[in-house]
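Let's take a walk through a protein model together. Have a look at it first, and then we'll pick out some spots.

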Protein chains: 2
Amino acid sequence: MTLLHQLQQAIGTATLLSHPAELESYAWDNTGIRLRPDAVVLADTAEQVAATLRCCQAAGVAVTPRGAGTGNVGGALPLQGGVVLSLQRMNRIREINRQDRVAVVEPGVVHADLQQALRPMGLCWPPDPTSTRSCTVGGNLAMCAAGASAVRWGVTRDWVLGLEAVTADGRLLRSGGRTTKGVVGYDLTRLLIGSEGTLAVITAATLQLAPRPEARRSLRALFGSVAAAAEAVAQIMAEGETPAAVELLDTATLALLRRMGTLALPQQAQAMLLLEVCGTAATVDLLAADLEQRLERCAPLELQRARSAEEVESIWQARAALSPALKKYAPKRINEDVVVPVSQLAALVTGLERLSHDSGIPMVSFGHAGNGNLHVNLLVNPADQAIMDRAMVVLQQLFALVLSLQGTLSGEHGVGLQKRDFIAQELDPVALVLQQQIKKVFDPAGILNPGKALPLPSS
Amino acid sequence: MTLLHQLQQAIGTATLLSHPAELESYAWDNTGIRLRPDAVVLADTAEQVAATLRCCQAAGVAVTPRGAGTGNVGGALPLQGGVVLSLQRMNRIREINRQDRVAVVEPGVVHADLQQALRPMGLCWPPDPTSTRSCTVGGNLAMCAAGASAVRWGVTRDWVLGLEAVTADGRLLRSGGRTTKGVVGYDLTRLLIGSEGTLAVITAATLQLAPRPEARRSLRALFGSVAAAAEAVAQIMAEGETPAAVELLDTATLALLRRMGTLALPQQAQAMLLLEVCGTAATVDLLAADLEQRLERCAPLELQRARSAEEVESIWQARAALSPALKKYAPKRINEDVVVPVSQLAALVTGLERLSHDSGIPMVSFGHAGNGNLHVNLLVNPADQAIMDRAMVVLQQLFALVLSLQGTLSGEHGVGLQKRDFIAQELDPVALVLQQQIKKVFDPAGILNPGKALPLPSS
């Protein structure tokens with residue numbers, strides 16, 4: 001009670017929610033887990049963020065920063081109750097500058113809204129998470145979320161020049177700057193990106209922009225096996241210009257597409273690659289022809305260049321609809337985000353088929369194959385405890401496989417709550433100790449998104 | 001004495017130098033300052049690096065890591081004496097993998113040697129410092145050194161996937177990994193890159209590679225004023241495909257080129273832009289034609305596309321020869337590395353002309369204009385104390401100008417010793433405190449490259 005009063009005094013005109021029905025709206029994310037906070041602050045300004053943190057640190061209350069709640073690992077869930085700090089109302093695009101190729105935005109700006117504002121200026125921000133229509137830039141930064149275009153353009157951390165953020169004790173900090181080169185001071189910008197709101201709360205970001213490609217072409221290649229498609233990816237990545245997207249859809253994914261009825265697919269197709277090239281109006285068809293030739297050498301069952309803008313749109317809409325469709329067809333899915341070096345992709349997909357066969361748990365895998373990044377979905381029935389137990393064993397086997405192939409447990413979804421207890425298997429122990437010490441530097445009281453991103457300290 | 005014996009015991013077969021004549025060879029860098037260490041360790045392995053650090057930490061002796069000594073800010077100079085830890089013998093390329101597009105290299109690998117090893121595989125590592133023939137990859141990482149290609153490909157930090165490093169107390173740590181996506185744990189990789197050997201000593205790096213562009217074309221545009229050339233840069237960067245290089249040479253630089261006699265230049269030319277495009281054999285001429293059209297709209301005095309490989313070579317050789325030539329023609333130069341947002345480049349060059357005119361100190365400026373990064377050289381006579389005093393005033397005015405234009409004091413040379421006392425003007429005070437705390441986490445005893453990269457703590 002006292003905290004609520006103190007909070008309301010501290011945050012001034014910002015909205016404080018405490019009614020159970022209102023709190024319920026901030027108790028979920030894309031994991032399906034529900035954890036209700038004790039209060040929600042809807043901040044409008046960095047000053048209100050700072051006031052919230054000062055107040056909560058003094059009271060020893062946990063603060064969980066939150067964007068749009070589209071995360072897949074529970075990063076926005078208030079594990080210890082306390083305050084959810086929503087940044088959705090901080091959604092101003094403060095500035096876009098063409099010559100400097102920068103946009104200064106607040107964390108609550110929806111990803112697609114930013115891209116729409118940039119389009120008329122011939123610019124884009126290269127990171128492209130599939131949840132573009134709802135996810136926020138702040139969430140993209142917190143998780144270092146990427147997407148299909150990372151194979152060509154790099155990941156989120158490569159497209160941020162500077163940050164404004166608030167530390168756990170409510171001090172405003174600025175890192176980086178507005179220039180595309182700069183080496184003064186340690187790189188706090190990239191330390192905060194991907195730190196999942198456990199070090200500071202980002203209140204503004206200076207984003208580096210790229211010229212929006214003038215023209216795009218999409219190609220679709222079908223293969224008789226997932227391993228053959230994976231081998232083709234490795235071959236494509238070993239030479240020549242990097243495509244703007246190299247997406248892989250496995251056998252179970254094609255079955256799902258057939259069920260959705262959106263794409264006509266020959267029966268013998270067991271895997272699909274979706275590729276994209278981009279360039280100028282003058283060069284794009286040459287680039288597409290070059291990629292087509294390289295793909296032909298991988299001996300696909302069928303290779304098609306999309307003939308029209310509509311066909312391109314329908315291909316990529318089918319790709320974007322996969323995750324929502326899975327929700328519809330399976331009672332529950334466990335959604336993984338593993339990555340292996342591209343040369344190991346065929347070994348990964350072969351291993352996945354074996355794990356699924358041996359366990360009897362259906363798996364649907366698709367994703368950003370040019371980065372070796374696959375979203376592996378285990379379809380399970382949460383009411384069947386035997387299945388759930390078996391799924392936990394399979395997950396552990398999957399992680400062991402990925403690490404044995406020199407991969408990582410998350411490419412873009414983050415660690416959050418869901419991967420927290422597994423990442424000590426991946427992280428170097430000395431690096432982990434240093435990370436825990438860095439957490440203490442930024443958040444000595446441990447109020448910022450506790451229980452996320454790092455393993456719990458062994459006591 | 002005791003330390004020398006302890007060191008030799010600790011490092012086993014590694015070479016320990018302590019003879020004054022030998023130490024002299026490790027007392028310099030590109031600044032011209034000489035500071036002799038008390039001993040030099042030539043390490044062959046990460047274990048020897050660790051043993052050196054353990055021994056020196058126990059003795060409370062400073063350790064200055066050193067690559068090829070090509071740095072411009074005194075980063076490799078042993079400010080407090082102690083041990084210089086040379087990594088030049090750790091020069092193995094451990095692995096190159098085409099499909100994964102990675103190279104695993106030791107810090108002493110010379111930049112050009114790496115590029116030569118990558119060329120037959122159709123790959124490159126995009127960072128391209130002008131000192132490629134002598135600088136080491138370890139030095140590139142320590143300073144986050146970039147070069148001309150950063151305008152298109154990004155900077156060094158964008159092309160590193162993982163690091164192996166040794167902490168101040170001699171523990172081996174691994175950060176990042178081998179995949180092009182990965183978000184597990186805080187980003188220690190980028191925290192170490194650009195930290196100038198003050199946090200840990202890098203003993204190996206997993207570098208991300210890019211396909212080597214099949215074809216390149218160079219363009220040369222001459223302008224009647226530096227401001228007109230700077231305006232053209234802003235216009236080129238505001239639209240269309242990003243060139244692979246956008247270099248600016250100012251009036252004094254053209255005078256130097258005329259004196260060197262390498263390029264024939266019309267008398268009215270006061271500034272030059274050198275630009276490059278890259279693409280496939282099929283697309284490169286289309287891209288060059290597109291850039292040529294965009295440049296024409298900037299109304300240059302003269303615009304030439306290099307007709308032959310020899311002509312391209314001679315243009316870029318002239319560019320690379322500028323720094324060495326300056327050494328020849330001026331008794332001493334103070335070499336700055338400022339950056340401003342591209343939209344402010346014309347304001348910067350106008351300000352530079354005014355500063356030079358008002359102070360009577362000749363300045364030669366050239367550099368990576370597409371990133372807003374200019375190397376400003378103040379030509380001074382170190383024997384003339386009045387000039388040297390005036391130069392210090394001009395430097396302070398230059399930094400004030402750069403910061404007023406939202407720029408940074410260093411784009412790629414780093415802070416080292418030379419900029420240390422100025423960067424508190426640029427860094428946010430809260431960010432600075434956090435950086436000093438991070439330094440304490442990695443190096444509580446303060447033995448790693450003391451007095452570099454960060455301002456001295458105010459006592």
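Leaving out residues up to four places away in sequence, A:Thr136 touches A:Gly67, A:Ala68, A:Pro107, A:Gly108, A:Val109, A:Val110 and A:His111. Touching, or contact, means heavy atoms within 4.5 Å. You'll find A:Thr136 in the loop between β7 (123-124) and α5 (137-143) of chain A. Its relative accessible area is 3%, so A:Thr136 is buried. Here, buried means under 20% relative accessible area, exposed means over 50%, and partly exposed is in between (1.4 Å probe, protein chains only).

The names of helices and strands follow DSSP runs, numbered from the N terminus: helices are H or I with at least four residues, strands are E with at least two.

## What you're looking at

This is a predicted model, where local features need pLDDT of at least 70, side-chain atom pairs count only at pLDDT 80 or more, and totals for chains, interfaces and linings use all residues. Residues are numbered from 1 along each chain as its sequence is written, chains are lettered from A and ligands numbered from 1 in the order in which they are written, and side-chain values use heavy atoms, with hydrogens and water left out.

## Two residues with positive phi

Most residues other than glycine have a negative phi. Which way does A:Glu196 go? Its phi is positive, about 60 degrees, although A:Glu196 is not a glycine. A:Glu196 sits in the loop between α7 (188-192) and β10 (200-208) of chain A, and it counts as buried because its relative accessibility is 4%.

A:Ala453 isn't a glycine either, yet has a positive phi of about 70 degrees. Look for A:Ala453 in the segment after α15 (429-442) of chain A. With 4% relative accessibility, A:Ala453 counts as buried.

## Domains in chain A

Chain A splits into domain 1 (3-86), domain 2 (93-211) and domain 3 (215-404), with bounds that come from an automatic or database domain assignment. Where domain 2 of chain A meets domain 3 of chain A, the contact takes eight residues from domain 2 and 14 residues from domain 3. The centres of these two domains, taken over C-alpha atoms, are 28 Å apart.

Between domain 2 and domain 3 of chain A, about 830 Å² is buried, and carbon and sulfur atoms give 56% of that. Buried area is the accessible area (1.4 Å probe) that two parts lose on being put together, summed over both. How many salt bridges are there between domain 2 and domain 3 of chain A? The count is one. A:Glu241 and A:Arg152 form a salt bridge, with the closest N and O atoms 3.6 Å apart. The rule asks for a side-chain nitrogen of Lys or Arg within 4 Å of a carboxyl oxygen of Asp or Glu.

## Where the chains meet

Now zoom out to both chains. In chain A, 83 residues are in contact with 83 residues of chain B. Together the two chains bury about 7,000 Å², with 60% of it on carbon and sulfur atoms. Four salt bridges cross the interface of chain A and chain B. A:Asp187 and B:Arg157 meet through their side chains in a salt bridge (3.2 Å, N to O). On the side of chain A that touches chain B, α15(A) gives the largest share, ten residues.

## A strand covered on both faces

In chain B, strand β3 (residues 63-66) has B:Val63 and B:Pro65 on one side and B:Thr64 and B:Arg66 on the other, and all are buried.
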